[in-house]
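This briefing is intended to be read alongside the sequence and the three-dimensional structure. Please keep both in view while working through the points.

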Amino acid sequence: MLKNTKFLYTAFAIAFIVMIASAYWLIRGVVDESGKVETFTRDTVIGVSAQTSQELYSMLDTLYRIQNNDESATIDELNKRFDILWSRIETNSSGQVGDVINRIPSANEGMQKFKAVLTRTENTVVNLNPSDREAIDQLLAEYRGLLPVLNIMRQTMIYESSRASVSFFNRVQQIGIWAKILLPSMLLSGFIVAIIFYRDRKSLNDLTNSLELRVEERTGELKQSNEALLDEIRERKSIEEKLVQAQKMEVVGQLTGGIAHDFNNLLAIIQGNAELLEAKLPEDSQKFLKPVLRAADRGSELTQRLLAFSRQQPLTPASIDLLALSNDMTILLQRALGAETEISIVVEDGLWLAHADPGQVENALLNLAINADHAMPRGGRLKIELRNTQLTPKDVEDNPEASPGDYVQLSIQDTGVGMNEDTLRHVFEPFFTTKEVGKGSGLGLSMVYGFVRQSGGHIDIESTVGVGTNVKIFLPRATGARQPNDRAKLNLEVLRGDQELVLLIEDDMDLLTFATDALLSLNYRVQQAKTHDEARKFLSDADRVDVILSDVIMTDGMIGPEFFAEFPDITGQAAIIYMSGLSIGSSKRTRHLANHPFILNKPFKRREMALMLHRALDQKSLSAEINP
Amino acid sequence: MGQVVKLAGVIFTLFLATTVSHAMDKPTGDVILSVSGNIELSNGNDGQAQFDSNMLDAFPAHTINTTTPWTDGEVTFEGPLLRDIMKSIGATGKTLKAIAHNDYSVNIPVEDYLRYDVIIATKRDSKEMTLRTKGPLWIIYPWDSHEELKTELYHSRSIWQLKALEIQ
């Protein structure tokens, strides 16, 4: 198309140039012809020849009159006539007129004869004697001879002039014809060029427009498919990551479980032999043994947690009402989290029962709440949400840990600092912690994870830095009939304290915190003591203590009973509960404690503690009644 | 002898010019131009104004360089302005009939010499003209400086071998 246009343009350009050249040529021709015509007109060439003849006649007339002795004729007049004729020699051979005469052979020839006669007769005329008849006759003969010559010259001039006129008019006529052809052609070609330009511009515009449209469409399509592809890549990557994560957790779990088991066996050997040794060592060497026993104690605590993570802790699942459980926990959590944090529970109507170990659910809730608390150092909102969830195979497509089915979803949402992607990826791994060294074990979430997985559910965590974290626990729906689960709730209600003062002696900070929270939530007053010194200080001033909840062996090496003996007045009326990480009675020093009625084996649950406190207080009031 | 007569004529002419301002001189040499018709001043028979060569030379000379259809190349013509001559004799009218020695005659509209500097040339290329060289007088239009004059009409008015003028 473009090639054709170029060809057309070239053709029209050539045509236009040809037409302009033709027009110029025609007009130029006419101008030339008109010049010729003017040169030939009567008063120039024709006039010149006619006038020459006229002047010749005058000359002849003068000669005749001299011949006839006419007095009016003089030699002066003859000379004047001769001079006038003579002037013709120059006039008829100079300028444009001369050019024309020279160009026409017959005229030129005539002028030559004319000049020859004048030259020949000059002397005779100038020196003429009027009485010299012979000379006059000769002159007459010479000048009469010029008459036909000038006549022919005049005829020729008239003929040439006519021919020039005819040629001019022919040319004008030609111009007329050509003008008739050229003008419409020029107009037509101009019109066609204009049309070509217009169409060309239009089609170019159309092409540009449609091209732009197509580019836009294609760009849109590409963008769409690109986005789809990116989505797919993202999804695939996320599933892969999750799969890797799940596999990693699986492997770490197995590894941890194996180690925990073997470690437990080792601990048992160390602990057993240490206790045997304790009995045999002299008194002053026994202090070296205490740290060993304590370490073994802590070791077994650790293994318990590791077993929980590796889904190998003994569980006693039951059908539980998570709402009731959460309600119970809220009081405890509120104390633990402080007044700056607002706790709310959102629940779906007709919430299903979940199938899980209620004690572990409480633990999980507590752990998550503590994490949330740490994430909100200046307080915030903690939302516990409960809802029924049905997972279809499609829902669990991208979560390799989840399987389809009915679940009760327990989500704990905070408005804390949140976590970044990198932290989220490792959050369930054992010993992974973002807290300062010594502040967290790094096992809290791992335990929750292990417990949920062991219970046949799964756990999901979402977090945005600066916005908050949402941990969703999916526990399987209980399939059997509703069991009389109210017992725990009922017990807890019944087992609540009545603002009794509890002296809590514990050197393990975590346990101290937990026990304090638990006691407060059970409506007890708490006095904490991290060391025997602190306890001693308190007991010296105190009037009365209802319950003493104490570690068996403190870091200073002193065991409980020995210490309490220092304050017989107070300790005598108080109910004493020992918290022990060891099996009581396995060592010589603690053997006499084996008969102690209130011993809480670490780790213990809140319910166990509540029950123990209740029993101890009951016992005390009973003995008080017997021995007032 | 002729010289003495000529000199006397000149003296007489000067005398007339100084004493009678509106009177016209008598030609002392050969009359080369006779003007007749509607004129106020005259010096000849039948109320003609006659000029000899000296009288014409007394007018301010005007020069025209031009080409003509009857000459080769550019030619310098020199002579008094037709306008000046006609004014000097108080000529009034619309048309000037010009007559030549060769009996050619043509009508020149007065308008021509009022609008254009038309001269009665007495010299061609600084030479006085004779009958043989289309003299003694030749009416010349300034063709080369006025293209519109280059037509047959004005060419026909350029009369040579001029001898008489008649204003009507």
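Predicted model: local features only at pLDDT ≥ 70, side-chain atom pairs only at ≥ 80, totals over all residues.

Residues are numbered from 1 along each chain as its sequence is written, and chains are lettered from A and ligands numbered from 1 in the order in which they are written. Helices (H or I, at least four residues) and strands (E, at least two) are DSSP runs, numbered from the N terminus.

**The sheet of chain A**

- In chain A, 5 strands make up an open sheet with mixed pairing, in the order 2-4-5-7-6; two strands pair if DSSP finds at least two bridges between them.
- Strand 2 and strand 6 of chain A are at the edges with a single partner strand each, so one side of each has no neighbour in the sheet.
- On average, neighbouring strands of this sheet are turned by 15 degrees against each other, direction ignored. Axes are lines fitted to C-alpha atoms, for helices over the stretch in contact, and angles run from 0 to 180 degrees between N-to-C directions.
- Helix 9 of chain A packs on the sheet and touches strand 2, strand 4, strand 5 and strand 7 of chain A, with its direction at about 30 degrees to that of strand 5 of chain A. Two residues are in contact if their C-beta atoms, placed from the backbone, lie within 7 Å.
- Strand 2 (residues 341–347) and strand 4 (residues 380–391) of chain A are parallel and share 7 bridges; V346(A) has E385(A) in strand 4 as its bridge partner.
- Strand 4 of chain A is also joined to strand 5 (residues 405–414) of chain A, by 10 bridges in the antiparallel sense. In strand 5 of chain A, D414(A) is the bridge partner of L382(A), and Q413(A) stands opposite K383(A).

**Helix 11 of chain A**

- Helix 11 (residues 444–454) of chain A is mostly covered, with 11 of its 11 residues buried. A residue is buried if 20 or more other C-beta atoms lie within 10 Å of its own, exposed if 12 or fewer, and partly exposed in between, with C-beta atoms placed from the backbone.
- Among the buried residues of this helix are L445(A), M447(A), Y449(A), F451(A) and R453(A).
- The cover over these residues includes helix 6 (133–280), helix 7 (289–309), helix 9 (358–375), strand 6 (458–464) and strand 7 (468–476) of chain A.
- Helix 11 of chain A lies across strand 6 and strand 7 of chain A and runs at about 140 degrees to strand 6.
- After helix 11 of chain A comes G456(A), with a positive phi near 90 degrees.

**Strands and burial in chain B**

- Chain B contains 5 helices and 11 strands, and 36% of its 168 residues count as buried.
- Of the contacts in chain B between residues at least 6 apart in sequence, 56% join residues at least 24 apart.
- Strand 3 (residues 61–66) and strand 4 (residues 75–80) of chain B pair antiparallel over 6 bridges, and T63(B) stands opposite E78(B) in strand 4.
- Strand 4 of chain B also pairs antiparallel with strand 8 (residues 123–124) of chain B, over 2 bridges; here E78(B) stands opposite K123(B).

**Backbone features in the loops of chain B**

- Most residues other than glycine have a negative phi, and most peptide bonds are trans.
- The peptide bond from G135(B) to P136(B) is cis, with omega near 5 degrees. P136(B) belongs to the loop between strand 9 (127–128) and strand 10 (138–140) of chain B.
- S126(B), although not a glycine, has a positive phi of about 70 degrees and sits in the loop between strand 8 and strand 9 of chain B. S126(B) counts as exposed because it has 8 C-beta neighbours inside 10 Å.
- Q161(B), also not a glycine, has a positive phi of about 55 degrees and lies in the loop between helix 5 (152–157) and strand 11 (162–167) of chain B. Q161(B) counts as buried because it has 25 C-beta neighbours inside 10 Å.

**Contact between the chains**

- In chain B, 18 residues are in contact with 19 residues of chain A.
- On the side of chain B that touches chain A, the residues comprise 4 nonpolar, 9 polar and 5 charged. Ala, Val, Leu, Ile, Met, Phe, Trp, Tyr, Cys and Pro count as nonpolar, Asp, Glu, Lys and Arg as charged, and the others, Gly among them, as polar.
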